[in-house]
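Dear colleague,

Please find the structure below, handed over for your records. A summary of the findings comes after it.

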Amino acid sequence: MHIPDDYELMDSGNGQKLERFGPVILARPCAQAVWEPRHPELWDSANASFDRKEGLNWHGRERLPEDWVVTVRGVRMRLSTTDFGHLGIFPETMDQWSWIASQLRDAAKSRSTAPRFLNLFAYSGGATLAAAKAGAQCCHLDASKGMVEWARANAVLNGLQNSGIRFIVDDVGGFLRREVRRGRNYECVLLDPPSFGRGKRGELYKIEKNVQETLNLVGQVLSDTPLFVILTSHTPGFSPIVLQNLLEQALGQGRLTCGEMLLRGGPDVLDLPSGNWARWQAT
Ligand SMILES: C[S@@+](CC[C@H](N)C(=O)[O-])C[C@H]1O[C@@H](n2cnc3c(N)ncnc32)[C@H](O)[C@@H]1O
């Protein structure tokens, strides 16, 4: 069955991307779009734009709804513009949601209990909800109370309020260390560490300094019958092979794959690289 998406990359170029989120069309900065726009005629259709020319500025934000709901990959998500130019979704991660859901559906056929899925740095919950819909027992963790509330509201939008998702506001390192002590484990883990972030009590997280420790802890909470670990990143320098090497060092033997996360549109729209992914799968 084809489920139409409310997301579409319409064009990119001149350091910007033009995207449609349901009824809302936005132009936002995108440093890697170093080419000429392919569809210059489309850019006037933007309802609002964002730039970082003199501070962080929306133009036309007053024309947008305060919030609105889109359906992407079968998941309903509430969107709203933030002062940093974000919307509560990173559409380049949607291919990971679909892959996770298909792996979980396959696993359900051969396992007697639902796989446990841990989403770290989980933001507004797209991957958590895709996993919950595919039958996983989910644990959703983010240090930002506001983001966890947003993810909870998204769960309600999807009718998943009683699906047993554990929503946790905590620092990734502190949480994982406690899970190791409690002997809790997971078959599937997704982590999308920020270049730079803050834990619940202001703990500084820097990907280049902290990611190895995080992955070693992830290795300690993996169950004896693991399925997969996915590491994604938007940090410059964290190429697909860098992410894959990190997974191999922390988790050892496994099937390793990696690639670029892409924003995608119709057949005549250039794919837009937006970060990288690597996956470790139990062999
Ligand atoms: C890049 S976003 C993740 C995007 C999300 N995975 C997605 O695909 O939609 C990074 C998230 O990590 C959270 N974060 C940053 N530092 C953290 C820490 N030390 N512990 C837990 N969460 C943290 C932020 O609150 C933010 O929501």
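The notes below cover the domains, the ligand shell and the helix packing.

The model is a predicted one: local features need pLDDT of at least 70, side-chain atom pairs count only at pLDDT 80 or more, and totals for chains, interfaces and linings use all residues. Residues are numbered from 1 along each chain as its sequence is written.

Domains

The chain is assigned domain 1 (7-79) and domain 2 (91-281), with bounds that come from an automatic or database domain assignment. Their C-alpha centres are 25 Å apart. To the contact between them, domain 1 contributes 19 residues and domain 2 contributes 20 residues; two residues are in contact if their C-beta atoms, placed from the backbone, lie within 7 Å. On the side of domain 1 that touches domain 2, at least two residues each come from strand S1 (7-13), strand S6 (68-72) and strand S7 (75-79). S1 gives the most to that side, with 6 residues. Helices (H or I, at least four residues) and strands (E, at least two) are DSSP runs, numbered from the N terminus. The residues on this side of domain 1 comprise 9 nonpolar, 3 polar and 7 charged. In this classification Ala, Val, Leu, Ile, Met, Phe, Trp, Tyr, Cys and Pro count as nonpolar, Asp, Glu, Lys and Arg as charged, and the others, Gly among them, as polar.

Ligand shell

The ligand is surrounded by 20 residues, of which Phe121, Tyr123, Ala143, Asp192 and Gly197 are the closest. The shell consists of 9 nonpolar, 6 polar and 5 charged residues.

Helix packing

Two packed helices are described by the angle between their axes and the distance between the axes. Axes are lines fitted to C-alpha atoms, for helices over the stretch in contact, and angles run from 0 to 180 degrees between N-to-C directions. Angles under 35 degrees count as roughly parallel, over 145 as roughly antiparallel, 65 to 115 as roughly perpendicular and the rest as oblique. A crossing is left-handed if the near helix is turned anticlockwise from the far one by less than a right angle, and right-handed if clockwise.

Helix H1 (residues 94-110) packs on helix H2 (residues 126-133) at about 25°, with the axes 8 Å apart. H1 is therefore roughly parallel to H2, and the crossing is right-handed. Met94, Gln96, Trp97, Ile100, Ala101 and Leu104 of H1 meet Gly126, Ala127, Ala130, Ala131 and Lys133 of H2. This contact has 8 nonpolar, 2 polar and 1 charged residues.

Helix H4 (residues 172-182) and H5 cross at roughly 25°, their axes coming within 9 Å. H4 is thus roughly parallel to H5, and this crossing is left-handed. Among the contact residues are Leu176 and Val180 of H4, and Leu217 and Val218 of H5. The contact comprises 6 nonpolar, 3 polar and 3 charged residues.

Helix H5 (residues 207-221) also packs with helix H6 (residues 240-251), at about 45° and with the axes 9 Å apart. The two are therefore oblique to each other, and H5 passes H6 in a right-handed crossing. H5 contributes residues including Val211, Leu215 and Val218, while Leu246, Leu247, Ala250 and Leu251 come from H6. Here the contact has 7 nonpolar, 3 polar and no charged residues.

Yours sincerely

Conventions
A residue is near a molecule or strand if its C-beta atom, placed from the backbone, lies within 6 Å of it.
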